[in-house]
Each structure stands twice: as C-alpha cells, then as structure tokens.
Amino acid sequence: MTDSRAHLAAQPGAATLDRIAHVQLRSITLPLATAISDAKVLTGRQRPMTEVALLFAEVTTDGGHSGLGFTYSKRAGGPGQFAHAREVADVLLGEDPSDIGKLWTKLCWAGASVGRSGLATQAIAAFDIALWDLKAKRASLPLAKLLGSHRDSVRTYNTSGGFLHTPIGEVKDNAAAALERGIGGIKLKVGQPDWRADVARVSAVREHLDPDVPLMIDANQQWDRSTAIRMGRIFEELGLVWIEEPLDAYDAEGHAALARALDTPIATGEMLSSVAEHVRMIDAGAVDIVQPDAPRVGGITQFLKLAAYAETRHLDLAPHFAMEIHCHLAAAYPLEPWVEHFDWLDPLFQEHLEIRGGRMWISDRPGLGITLSEQAHAWTVATAEVGTRP
Ligand SMILES: [Mg+2]
C-alpha cells in the first residue's frame, strides 16, 4: 500500500458518521398448518400451539443502510414484546448503529424496571439482531463472515417432523423425507405421561432408520429427576446424540446429577432468557451441549458472550429454533455445532437456506440474508415506527 492509500484507509469513513434515523416494528402472526403438541401439552401444562407471534424490527440510517431482525414468542407474549419494543425504540434514534454493545445496554436500561431477562430482553433482541444485520450488510459480508466463520456449513437435524401430535407412522415418513432432502439427523419428542409410549416411538424410529443416522430426543422438561434417570438408562444403548431438556429448565443440580450418571450427553438451555441463567447452568456442570436461543437471550450480542463462555468450558453448541439466525452464529462457533431445522418460518422469507449432505449452507447474501415475503406482509397484525425514514 502506498503512503497516500494508507493515509486514505486511516480516514474515518462515512459509516462512522451515519446515524439511526428510523425504526419500524412489525408484529406478525404466523399460523401453523397443524396444531403442535409436545410433552407440555400431554402433561396438561399447555394447549396445542396453533401460531407463532413474531416481532420484526427494521433499523434504517440517515445514509439509507438498513437491517432486519426478529424475535418471537409461542402461545403468549407476542403483544407484550411488541408493546415493550415500541416503548423503548426511540432511544436508538440519532445513535451510531455500529455501537451495538452500547445500544444493547441503552435499550436494557430503558426497560430496566421490568428486568434483565424474560420478555423485556426478548423484545430488545429484535433491535440487536437488526443492528448486526445492518453492520454485516454494510460490510457486504454474510453475518457468519463478519463474526469470523469456522466453516461454510453446519450440521442440521430436523425437529418439526417428530412432535407428539404426529402418529408414529407419519413420524417415520417425516424422518425418511428429512434425510432424503439432505438433513443430517432426527429429533423425536418424548416426555409423555406413559413412558412406554416414549420407548415404543423412539425404538420404532431407531429401527426404521439406518443405524448411523444421528438421533436425539427432547422431553421438554416433563420428567422428574427419578424418571429422567430411568429413561436415560433405557435409552443409553441407542447411542443418542443427546437427551434434551430432561428436567425443569432451571433445575441445575438435577441436570448436573443426570449428566454425571449418563454417558448420553445432556442438552438444555432453550428456555433460559439471559446469559446469567446459562452461566449458572454451565457452572453447575448441568449441560454437555448448550442450547441458547438468540432471540430469547436478548439477541446476538448476548449470544456471543455466552458462546465465548461455553467455548472456554469446551461445551458443544446446538442453538434452539430460528435457524435463519442461528446458522450464522453456529458457523462462527469453534466446535462443530448442530443447528435445528424447523420449516415453520419458511413462508415469512423470500430466501431459503440451502440444505444438502446433512448440512445447512451459509449463503453469500450479506447480513442474515433474509427479506420478508409478501405473505409476511399479509400476516402483519400491527406496525409502529419512530423517527423519519430517509
Ligand atoms: Mg427443545
């Protein structure tokens, strides 16, 4: 580089002068084709799920750069997330969109009275994810590359075909179809009141598939400690990749005892809504495979802090839901991760992830690489905005 070019490169660019001018919020109710039941429904704790509420945030700068992020809730909380985000959105106006950590803290303090976890941080996750999308788009890089990627694709397994409302014949067909389309593993829901029914379903699928197909099970927190250890021992010989949420999501000591007792790895963390909650589980030795959910922990900024902590403990990573975001974050994790394949959000986006060879491939589109579909606009139930669109 010549002296003059080095001088130019050292000059502050337009990006450092650009400021957030406009924020738009969009609440979308995504209907599900079938009412969904996991073990929480069979134990009577929740009703079958018929829709997912999504909160999208679009952040736009004076210079015309924009980013799109989203968070979500299931069964309840969608209107609450939207209301909270609408209340705090204006603290972003006039700020430098590149200062994402500072802006997360500012958003968090704006809503500090209602806490630093749960719905309040889930709401601000939509802004945080939009800011990361914006930063990566400005750099003309896929988000995984902006973060620093370890791989161009991530292992993926299917969840949506193995729910408990689905008859076992259909579950077997769904599993075969998922593998046929290039997905690399299959997860089955368990945790029914009748443990024999769980054993029958898992055994039927294990026998139906090639013995090398990676298989996971997910009890959605519905076992007590003694049931979890009994079930874990029954399933031990199947060589499962993991047992997910065998116990209450906050039972650190129970998960730790289970992890010590079983050879099968214990995966958990999807219900936790802050880095601090994850750290408590990790420090207790409760988790072999950490399963953070970026929208639930407050966005990408918080996810990255947790991922760095998990790496220092040599833990494996398998983020929960929202594969459109998590494929990028998993690609940037040093240890080979798994990403959960759910097809539910597909109709919301114009772009779709490429899946082949058991893996999900990071596209070369800048940012998250997603834009809302016509259908997403049609499913919009509320919008709000602050600032002026340039
Ligand atoms: Mg789960």
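This is a predicted model: local features need pLDDT of at least 70, side-chain atom pairs count only at pLDDT 80 or more; totals for chains, interfaces and linings use all residues.
Residues are numbered from 1 along each chain as its sequence is written, and side-chain values rest on heavy atoms, with hydrogens and water left out.

Nonpolar cores were defined as sets of buried Ala, Val, Leu, Ile, Met, Phe, Trp, Tyr and Cys residues joined through side-chain atoms within 4.5 Å. Burial was assigned from relative accessible area: under 20% is buried, over 50% is exposed, and values in between are partly exposed (1.4 Å probe, protein chains only). The largest core comprises 69 residues, and the members touching the most others are Leu54, Phe56, Phe70, Phe127, Ile325, Trp344 and Leu348. Helix α5 (residues 119-138) supplies eleven residues, the largest share of this core; helices (H or I, at least four residues) and strands (E, at least two) are DSSP runs, numbered from the N terminus. Because domain 1 (3-140 + 374-387) and domain 2 (144-361) both contribute residues, the core lies between them. The domain bounds come from an automatic or database domain assignment. In soluble globular proteins, nonpolar side chains tend to be buried together.

The surroundings of phenylalanine 56 were examined through contacts, defined as heavy atoms within 4.5 Å. Apart from neighbours within four places in sequence, phenylalanine 56 contacts Gln24, Leu25, Arg26, Ile28, Leu68, Gly69, Phe70, Leu348, Phe349 and Leu372. A second, separate core holds 37 residues, among them Ala144, Ile186, Val190 and Ala259.

The magnesium ion has three protein donors, Asp218 (OD), Glu244 (OE) and Glu270 (OE), at 2.0 to 2.3 Å. Donors are N, O and S atoms within 2.8 Å of the metal (3.2 Å for Na, K and Ca); water is not among the atoms, so sites may look incomplete. The spacing of the donor residues in sequence is D-x25-E-x25-E. Aspartate 218, in strand β6 (residues 215-218), and glutamate 270, in the loop between β8 (266-268) and α11 (275-283), are 52 residues apart and thus link distant parts of the chain. Aspartate 218 and glutamate 270 are both buried.

A total of 19 salt bridges was found, each being a side-chain nitrogen of Lys or Arg within 4 Å of a carboxyl oxygen of Asp or Glu. Side chains of opposite charge can pair when their charged atoms come close. The magnesium donor glutamate 244 also forms a salt bridge with lysine 187, with the closest N and O atoms 2.8 Å apart. This pair joins distant parts of the chain, as glutamate 244 belongs to strand β7 (residues 242-244) and lysine 187 to strand β5 (residues 185-189), 57 residues apart. Both partners, glutamate 244 and lysine 187, are buried. A network of salt bridges links Lys187, Lys189, Asp218, Glu244 and Glu340.

Lysine 40 and aspartate 38 form a further salt bridge, with a closest N and O separation of 2.6 Å, and both residues are buried. In the salt bridge between glutamate 354 and arginine 356, the closest N and O atoms are 2.5 Å apart. Glutamate 354 is partly exposed at 42% relative accessibility, and arginine 356 is partly exposed at 41%.

Two residues other than glycine were examined for positive phi. Histidine 314, with phi near 60 degrees, occupies the loop between α13 (300-312) and β10 (316-317) and is exposed, with a relative accessible area of 66%. Phenylalanine 321 has a positive phi of about 60 degrees and lies in the loop between β10 and α14 (323-331); its relative accessible area of 1% places phenylalanine 321 in the buried class.

Valine 339, in strand β11 (residues 338-341), is buried at 1% relative accessibility. The C-alpha atom of valine 339 is separated by 6.0 Å from that of proline 319, 20 residues away along the chain. Beyond neighbours within four places in sequence, the contacts of valine 339 include Val154, Tyr157, Met323, Cys327 and Met360. Cysteine 327 is itself buried, at 1% relative accessibility, and cysteine 108 is buried at 8%. With a disulfide taken as a pair of cysteine sulfur atoms within 2.5 Å, the count is zero.
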